[in-house]
Each structure stands twice: as structure tokens, then as C-alpha cells.
Amino acid sequence: MPYLEIARVLRHDCVGPGLHEMECLAPRIAAAAAPGQFAHVNVHPVQGVSEGTPEERALAANSAQPLLRRPLSIFDVAGRRGDADGARITFLYKVRGAGTALLADVRPGDCLNIMGPLGSGFSLPAPVPGGHGDHAPAHAGATCDRAPHALLIGGGVGIAPLVYLARALAAAGCRVTVFYGANTASEMQAVSRRLLTASAEGRIEVFTTTLDGSSGRTGIVTDLLTAEQSASALERIDFVYTCGPEPMMASVERFATARGIPGEVSLETALACGVGACLGCARRLKANGEAGPVYARVCKDGPVFSMGQVELGPVVDREEESK
Amino acid sequence: MSVDSVDLQVDLGGIKLANPVVMASGTFGYGFDYEGLIDPEMVGAVCVKGTTLLPRAGNKPPRIAETPCGMLNSIGLENPGIDVFVRERLPRLRERGATVIANIAGDTIDEYAQIAAVLDAAPGVAGIELNVSCPNVARGGMHFGADPASVGKVVRAVKQATSLPVIPKLSPNVTDIVAIAKAAEDAGADAISMINTLLGMAIDIEARRPALGNVFGGLSGPAIKPIALRMVYQVAQAIDLPILGGGGIVCARDAIEFLMAGATAVSIGTGTFVDPALAMDVIDGIRDYLARRNLSSVSRIVGAAIA
Ligand SMILES: Cc1cc2nc3c(=O)[nH]c(=O)nc-3n(C[C@H](O)[C@H](O)[C@H](O)COP(=O)(O)OP(=O)(O)OC[C@H]3O[C@@H](n4cnc5c(N)ncnc54)[C@H](O)[C@@H]3O)c2cc1C
Ligand SMILES: Cc1cc2nc3c(=O)[nH]c(=O)nc-3n(C[C@H](O)[C@H](O)[C@H](O)COP(=O)(O)O)c2cc1C
Ligand code: FES
């Protein structure tokens, strides 16, 4: 069940070119949020609750431009779960158009109307008796003689949902390898900070690539799938998670499929309702049904899908069924 | 006057609504997607997603595009078909005591009548909204809604197939909406629902192609409110049937405008995407407005702006 919270913005920092990290006080959403889920954010700050008479407030419309909410992944959750006063959610977002540009102007102290947590989220480790750690991913098989190993591959701001996931997997006793690619090192600070803290807590190893060579290997993140420097990290992977540009995710899917490794991808598309009511975010599944194509809702059936479930690619929505 | 003594009940062509706020078809699924924020039994009625005789996959994506103060959609009536609706979606709504208005669409007049007959036998349906105005399907839909004689035929056929209240939903994509409304009234409609979306388009200038996979789509949201309001005002003066009015409602003020233009109840669609709890705020806002002016019931303002 989604919650609607008037969330006070506690911190809002520019953390790279066009990149912002925003922390909000949203105890109910924070307590319920699982890695891979998202929140649907009204980018217009809520007017002060004390402004105007009750009738004026009841009659007043919200700003209509842009009209729709913007979906943002849960980048991290902080504060004790269920801590009514303290639980916070953090977003990492890139300014793309009018909506995210308006959001970037929101100041600490302002309040935002946020709905969440929404969507399916990543498959998470289930306790497996006999596993090496206390927990092992159910999909890694029940007879593990070692900690299950998850590979997380994020391109650009697509890393956002993978950071919370990495921390959750590490906390559950998994070995976690993160491949993270960006344009340049200055985009990576928010993620690096969090993954460094997390790697101190558990088993997280991070490899980076940048297009300009300012951090890690020069090139794109999928180069790491064949690079010598990451070869040892590619041994015995039990599960792959990826989020980022679709051509990137398509390469990751090919890599995983070729090795018979199961995995999940997280998709983006424009949303309207965000809760599964409008069927506006439809994404065609590979399998056909009796009535022809079958569509899934990115907001409700996704944004996380099993590898192989949907066709990935830059123009997948158009090239399909060009009758 | 205290807010509690305001009477919000209205009668929409034989359907008793506890309050005049109705969730618009296609924007509230089958009633439970917003559970906890708006429960289906809390609003006056829920118009469920448009249902056809057989399942429909819907149009190819992208299906939505945001436009100034509004949005375009080209969903294409994706739905599991009338049998699955009755078997799997309706019981839960009935158990919750929701007032359900089924929204139906057909390719032919006979299909409308067949679906209506199935609904007639299904417990838990309070009325049938006839979508003769969907801009997103190749056949039926808006093509029926553009011609007064066809609208009359659909209404007559459906009235024969069911004893449930029948509410044709009119398309604004016509030259003279009053003529269509009159034809529906003459054919025996119990109420009129208006307006459906306005046909429009947007172009992605980077890709140099239409923003929607289906090229054209239906415009909804605040951008269409002045048009919707004008049409309700015109139709309310021309016919004697109650009107379910809407298009672009995003606050209680908008809803009150529709009531004053002659609508007996209002429908909220796109506004719910913006503000998921909007329907509850609108119900409260209408109640407050009436209480402060010592108006005992909603009926006191229905049509109040008509000279
Ligand atoms: C489940 C989900 C989680 C997301 N999580 C994050 C996140 O954590 N951080 C982040 O930076 N972004 C995230 N996004 C993408 C983000 O929602 C879009 O960037 C944002 O909606 C763009 O809004 P805008 O008004 O700034 O741009 P617009 O003016 O709406 O659009 C600018 C450009 O972006 C494209 N666009 C619009 N909406 C989307 C979209 N939803 N996905 C991809 N392209 C889009 C448009 O086609 C246009 O070319 C997520 C999207 C989804 C569906
Ligand atoms: C995503 C979406 C799907 C819709 N689906 C239907 C439908 O299946 N049947 C129908 O009669 N109207 C449908 N409509 C029209 C709405 O019910 C409503 O009449 C219209 O959107 C105008 O109201 P609004 O501006 O409040 O949204 C749909 C509208 C939207 C935005
Ligand atoms: S955005 Fe409405 S169903 Fe996904």
C-alpha cells in the first residue's frame, strides 16, 4: 500500500554536474521501502500549511505546470526503520527537463508531497538454511557452500536504485561486486561516499569506469565484463542486477544469459499514475498472449523485471509490431 | 451550519451516490490501486476502466505524453474483457460496498448490447456508462459518438438489454454536443456523462516523430477544463437529464464550478494522478463550501450559474 507523505527536505546538495542528492523526512515511506522501489514526487513544494483559511486551501489548485509527478528511485534509506521521527529517504537524480529542474530549486526546509514506496523492487535474499552466511539468495540455490555473490551494474544515474540494494545484500551476508560507470569522476561522489561506508560494513567491492578516464578504467561500464582487472570479481556470480541506459542493460543481459546467470533489470519510462491504475507506462513483454502482444506496467509490475522478460534496446517501443 | 448536517447525496439517473464525486473511467483502474489513499467505497461512485466484449492488448507505447497543463493518452482500451471483469474484478468492489459504474465500449451496436446484458445479470453494478467517445480505438468509440443518430441507436440497444441506468459518455470532438445529448435523451438515456478527452497530439522534436506510439491521443487535465465546463453548461440547459460532469478537475473549486454549470455529480480523472487523495479533498471542499453558506444540500448549487 502506498503512503502519501508531506516530506520535509532535510538536505539538498548538488553532487556533480546536473546531479542532486536530496534527503527527505518520510518515516512511513522509509520504513516500507525495499531496494528497487521508487517514490512518485510532486516537484512543486507544498505551500505552508498555515497559509490561508481552510477554505482557501481546500479550493486552491496545485501548480499545473508540469502537471504530473516524477518517479525517483529510493537511493538510500537512513534512520531506524519504524522510527517515526527520524526515518529518511534519499534520492539521487539528474536534471533532465522541466520537472527535475524545478525540483533542483527546492530548498531544505521546504516540504514535498511524495507517494511511495511503489513498484516491485529487486528480489532480495531469503534465508537459506545451510548457506555459508546467515542468508543466501533463494535463487542462488539452497546448497551454497559459500556466500552468494551478486554483481550490480549501474550506468550513470541508473546506479541510484543499486546503492540501497548493495547495502541490503551486504547486510544479508552476500558478497557484492558493483560495476559503476559515469562520464566523469565529479559525477561519482555521492555514490562513492555511500558505497565506501557500505563496503566498510560488509563485502562490497567497487569497480568504476569513466568516459574521460578521470576515475577507474577509461571507457564504458560494460567493458568491465571483459576486462582483466575485474576478472577475479567475475568468478562465481550467482545473480546480476542492472539499471541504466537500455543498450547497456542489453549487454549485461547478454553477458548473464551466455553464462546462465539469472538476473534483473530496472526500467524507466514516463509515468502518469505510478500505481498501476492508468496503463500508461506499458512495456511490451517478449511472450505473446492470446490477444496478441502482452504489456506489463513499468510502475506496478516493474520497474524491476527478470532478465529476458522484456525486449531491451534504444528504440524497442517503436520497432516492435511495426505492422 | 455544521459540516455534518450538509447533505451530499445525489441521484444520478437512478443511481444513489453518497456524495457527488465520481472516479473517472481509466484513471482509477478497478478501484484498488490507490487503496489506503482513496478507497472505492469512500467516493460517490467508481467508473471502472473501459471494458470490451473480448480482451484487448491496448496500443503500442509510448502511451502517454505530458503537455502544458495536461496530458495525452492513447491507452487503447487495454482490458481483460467483460467476463474476466465480472468474474475477477467486480466481486471485490461489491464486497467493499462500492458504487460501481461499469464503463463499456463496443465495435458494433450489438457488442454494446451484449456487454450490457452480461452486466445486467452481474450483481454489484449500479449503472452502465457507455463509452461512445474513446478517441484511441480504430472502430466504434468516438465514431459512434460523433453522430446523433448512432448515439441514439446505441442507447436504445443498451436500454433494451438491461434495466440498469444507462449513461452515455459524450465526446467533445464534435461540432454540436447539444445535438448528441438530445439524441441520447430521446433514446432513453438516464443520465449524461461528459466530457471524454479531446483528440490531440505532440511531437518529439529530437526523434522527429509523434510522441505517442498511436500518433493521436486524448487530452485531459486542467487544459480542457474551460471547454468541458462550457459544454456542461450548454447541455444542462438543453436537456432534463442529470449530468456527470468533468474534465480537468484538480481542486474543489473546479468541482463546484461544474456543479454550478449544471452537473449533478463530478468526475475526477487526471487530477488523481497529480494528487492521489484529491477526491477526498474535493468531497471535503464541497461540504465546507456549502456549510459556510448555510446551504443544506448539494442540489442547492446544481445549475446555480445558469441564468
Ligand atoms: C521507476 C523510475 C525510477 C527512476 N529513478 C530515477 C532516479 O533515481 N534518478 C533519476 O535521475 N531519474 C530517475 N528516473 C527518471 C526520471 O523520472 C526522469 O528523468 C524524470 O521524470 C524526467 O522529468 P523532467 O521533467 O525533468 O524531464 P521531461 O521534461 O519530462 O523530460 C526530459 C526528457 O526525459 C525523457 N523522460 C521523461 N520521463 C522519463 C522517464 N521517466 N524515464 C526516462 N526518460 C524520461 C523525456 O522523453 C525527455 O526526453 C526514474 C524513472 C522511473 C520510471
Ligand atoms: C489514462 C486515461 C485513460 C482513460 N480511459 C478511459 C476509458 O477507458 N473509458 C472512458 O470512458 N474514458 C477514459 N478516459 C477519460 C477519462 O475518464 C475522463 O473522461 C477524461 O480524462 C477527462 O477528465 P480529466 O481531465 O479529469 O482526466 C481516460 C483518461 C485517461 C487520462
Ligand atoms: S503509470 Fe499508470 S499504470 Fe503505470
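Visitor: What is B:Leu130 in contact with, leaving aside its neighbours within four places in sequence?
Guide: Counting heavy atoms within 4.5 Å as contact, B:Leu130 meets B:Ile104, B:Tyr112, B:Val154, B:Val155, B:Val158, B:Val166, B:Ile167, B:Pro168 and B:Lys169. This is a predicted model, where local features need pLDDT of at least 70 and side-chain atom pairs count only at pLDDT 80 or more, while totals for chains, interfaces and linings use all residues. Residues are numbered from 1 along each chain as written, chains are lettered from A in the order written, and side-chain values use heavy atoms, without hydrogens and water.

Visitor: Which residues touch the most other members of the largest nonpolar core?
Guide: B:Leu130 and B:Met194 do, in a core of 137 residues. A nonpolar core here is a set of buried Ala, Val, Leu, Ile, Met, Phe, Trp, Tyr and Cys residues joined through side-chain atoms within 4.5 Å; buried means under 20% relative accessible area, with a 1.4 Å probe and protein chains only.

Visitor: Which helix gives the largest share of this core?
Guide: Helix H9 of chain B (residues 278-292), with nine residues. Helices are DSSP runs of H or I with at least four residues, strands are E runs of at least two, and both are numbered from the N terminus.

Visitor: Switching topic: is B:Thr67 buried or exposed?
Guide: Buried, with a relative accessible area of 14%. B:Thr67 sits in strand E5 of chain B (residues 64-67). Beyond four places in sequence, B:Thr67 touches A:Gln65, B:Leu72, B:Ala202 and B:Leu219.

Visitor: And in chain A, what is the strand order in the open sheet of seven strands?
Guide: E4-E3-E7-E1-E2-E6-E5, with antiparallel pairing; two strands pair if DSSP finds at least two bridges between them. Strands E4 (70-73) and E5 (76-78) of chain A are at the edges with a single partner strand each, so one side of each has no neighbour in the sheet.

Visitor: How many bridges join E3 to E4 in chain A?
Guide: Four, and the two strands run antiparallel. A:Phe38 stands opposite A:Ser73 in E4(A).

Visitor: What about confidence in chain A?
Guide: The average pLDDT, the predictor's confidence in each residue from 0 to 100, is 85 for chain A, and 81% of the residues score at least 70. Over residues 126-138 of chain A, pLDDT is below 50, and residues 315-323 of chain A stay under 50. Where pLDDT is low, the predicted coordinates should not be read in detail.

Conventions. Buried < 20%, exposed > 50% of the residue type's maximum accessible area, 1.4 Å probe, protein only.
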